[in-house]
Amino acid sequence: MDGFLESLAKHLYAKHGSDISRLTMIFPNRRAGIFFKDYLNRQVKDTLFAPEIMTISELFTENSLLHVADPLSLVFRLYKIYCEVTGSKEPFDTFHPWGEMLLNDFDDVDKYLVEAGDLFRNVSELKEIDVLFSGFDDEAIKHLSVFWQSFENKEQSFNQKEFIRVWQALFPVYKELRLSLRGEGMAYEGMVYRELVEKLHGGKDELFEGKKFVIAGFNALNRCEERLFAYLRDNRYVEFYWDYDNYYVDDKMQEAGLFMRKNLRLFPQKEFPYSIDAFKKKSKKIKIVNVPSHVGQSQVASRELQNRKSGKNEFDDTAVILCDEELLMPVLGVLPEEYNKVNVTMGFPLKSTPAYSLVSHMIELQRNVRKETGKVLFYHKNVLALLNHQMVSMLEPELRRKVAGYIISNNKIYLSVEEIGESEILASLFDSPETTLGLSGYFLNMIRKIFNHLQENSKGENSEVYREYLYRLYLTINRLKDILENDGEKIFGKTDFINKETYFNFLDSYLRGISVPFEGEPLEGLQVMGILETRTLDFKNLIILSMNDGIMPKTSSSGSFIPYNLRRGFGLPSYEEQNAMYAYYFYRVLQRAENITFVYNSSADGLFTGEKSRYLYQLQMESGYEISEVTSTYDIATVTPKSITIEKSDEVMKSLEGYIKGERTLSPSAIDKYITCPLQFYFRYSAGMEEPDEITEDVDAMTFGNIFHETMEWLYKPHLHKEVNANELNAIVKDKEKIKDAILYAFRSSYFKGIKESDELELNGRNLLIYEIVNKYVVRLLKLDIKRAPFKIAGLEQRVKTLFPLSDGKRIVSIGGIIDRLDKKDGALHVLDYKTGSADISFGIVEELFDPEKVNRNKAALQTLIYSYVLLKERDSETDVVPGIYILRNIFEDKFLPELKCKEDGNKPVNFRDKIDRFETKLLELLEEIFNPDIPFSQTTKEESCKYCAYNEICRRG
Ligand code: SF4
């Protein structure tokens, strides 16, 4: 059974023979013309001129003296007129989306031949309705009354008053816009349609004289199209051909036939040997597949294509139809190899491409530029984001790592281009134009550079697609630049009529609405298209994705400022018409297909309801076809990450060798890391994957800790190895300047790392606040020490280590680290740790400190006890060892004491000598495990540890 266009080609050739070249074919879109021409070529044996083929839009515009202006230029003109008429001071970027909507409304008003003066009128005096709209039918009057009665005779709300204010301004705006456009020989499309239709005088003019028209494949018609078709029907030669099926035309309840029923009545079709009951007669295999994942639908499409491979690669054999355009890339990524020729006919949203994210990173960079003493400085996060962007990193692959290192080691928040590096690309990227025109040039320059680089260097599969994105982006920004340069001058009298921020906002929202049109060689291979692109085309095999409620049909109608009831009253299309249009696309593409697979996403997630489209329910209940329904097990959304285990291969053991030869020292925090998660230990200490360092803009917890440590060290350094008493400590507390110097010294070395000695240090904002807090803690700690005095300061930031032989006696592990402070008091050595985070001053038993399953394991206690162990091992004969923690969060408590306590001893301060044997046993056990080649590094079973783990992206946990 031939499809519509093929039947039409055969029929017209049989009817007109070589005279077919004298026909003018009018189709709803260009693609229908291309396919028709190919079908016609297959009929024709001799050389023949093809008929003239045009779209309906071309028919209107080619017969008008007006030129359809670019939509961007139109919205700028509308903005100027709107501001003049209403006195609005609204910036252009917030006006723009609304302006586009208004232009669509004006377009509708003209295409549907509505009297704009009547529509944009305040009719809150209800009694005027009957008089003003006496020619309207009862249904229309009812809609108008329903709308306006809410405004009648009562106190109007703020929104209602605002609506009336704007509504009444719309007619003058509409009139003024048309006038100014016409004055320049320009128009929007609706204006052209209306002007042409108003020119038709009952066939007495010469318009279209001598032409023979064939109008084919239309469905919904606006009033201008209806008038034009009626004019041709009554005054010129015309043949109408409609693509429909009795299944939805005969049944008045089927919305898909809404327009066709009227078309057939107004513009009857002459004899056409073409099946209009294919929907029922052509046997169909229909299947519905649900898959609990959005992108998982593409996998189903791939499997279906593999199963169906027929060896044929005709353009009308198989189509994959995407009701949601976002699925384009996932589908293209999984097409079976046999489908080597693929034609994509649809738009892909620019906002989902890396080209858009590049510009949006560049916008952010420009937004945050700072100018200081003649230097342009860029915010570090924007710099890193840009250098990390896939399109920039392919130009400068090593740079991000280098710049990140520089930023972190110098704690740079803002940096100049000289600090980033020297290259042509960097100079282009890290530039800071002053004007909006300059900014357009800046974006274009960078896009061009990346495009050229891709063209010259990259052969990767993404290269072509990336270039397509960049090309579209370039055209869009270039068009905007033209408008700023030319129309800006013409419309507003100056080029810089919008400021930078408005330009950024506008550019961002404008790019978000742009679609990248993919249009390949349509006459071969597998066809991938959107549902709108299927009009007039027929395929034997169909795979239709995203058959979900809310997507097919779309629930959101395109925005309009004209309220629903006024649209109905004036005969403008609304959501009912939109639904009927989608229903027609849906049933029409099915009518002659043989194998149909519908796929929908069954997981309720974000915008997706997980419900199948109502069209599928209708098909199941009404079509009479047996429709199988299956659930695909494929689900990438819920795949649980594979568990990771690292065997201790020779290579891994080699990486640990330094520890068991006593060459590298195992720190208490490394030991603690292993207990928390062996895999985390492996990443950090065997694979050498540094935990990402972060640049700190304000003093974060870690930097705060460092500043505190350094302040205390600076204050106590003069007393090292000396006994301090309460008076001396009191003197320090009173010496505010000294404490200030200590804190500023600590700020310099821990925070303002790159600053020179000679440079004055200025603290402001949050840092000043941190200064105050450090000051408070330091004074409080000194006061606590006054209570503990006298004591001798035996060590400050002291490095210690001991050698720990494993059971074989051959392997010796070096354990150690830096102790914050060592005090000698009452004959014992006090090992003191300063802790800024939360910690507990007591623990239950020694063994629990090594137990990975223990809830709230006291990590701070373990680390202090490891230091105590090292000390006692090294100075056994000398002294007792008492571990202690200054938990800064708790030091303001009245009875705070730093000594660590053990619950099994009735919460008495710990004398480590009493615990050393049990501690040593557990430590040995642990070290034996760490260095046992038969025990792999595995992941923790306590997933809460993954939440803040630096490696959770690898494990896909947390
Ligand atoms: S994410 Fe979890 S399992 Fe993976 S290394 Fe970190 S703590 Fe261990």
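Predicted model: local features only at pLDDT ≥ 70, side-chain atom pairs only at ≥ 80, totals over all residues.

Tutor: Two elements each give two or more residues to the shell around the ligand: α31, spanning 678–686, and α38, spanning 952–955. The residues that surround the ligand are C677, Q680, F683, Q939, T940, C946, C949, N952, C955 and R957. By class, this shell divides into five nonpolar residues, four polar ones and one charged one.

As for the setting, the protein has 38 helices and 28 strands. Its radius of gyration is 39 Å, well over the 30 Å that the globule rule gives for 958 residues, so the protein is more spread out than a compact globule. Along the principal axes, the C-alpha atoms fill a box of roughly 120 × 65 × 60 Å. Of the 958 residues, 52% count as buried. Taking contacts between residues at least 6 apart in sequence, 77% join residues at least 24 apart.

R178 belongs to helix α9, which covers residues 158–183. R178 has a relative accessible area of 12%, and the cut-off for buried is under 20%, so R178 counts as buried. Apart from neighbours within four places in sequence, R178 is in contact with D110, Y188, M191, R194 and E195.

Definitions and conventions: Residues numbered from 1 in each chain as written. Heavy atoms only, no water. Near = heavy atom within 4 Å. Helix = DSSP H or I, 4+ residues; strand = E, 2+ residues; numbered from the N terminus. Nonpolar A, V, L, I, M, F, W, Y, C, P; charged D, E, K, R; others polar. Rg over C-alpha atoms; globule rule 2.2 N^0.38 Å. Buried < 20%, exposed > 50% of the residue type's maximum accessible area, 1.4 Å probe, protein only. Contact = heavy atoms within 4.5 Å.
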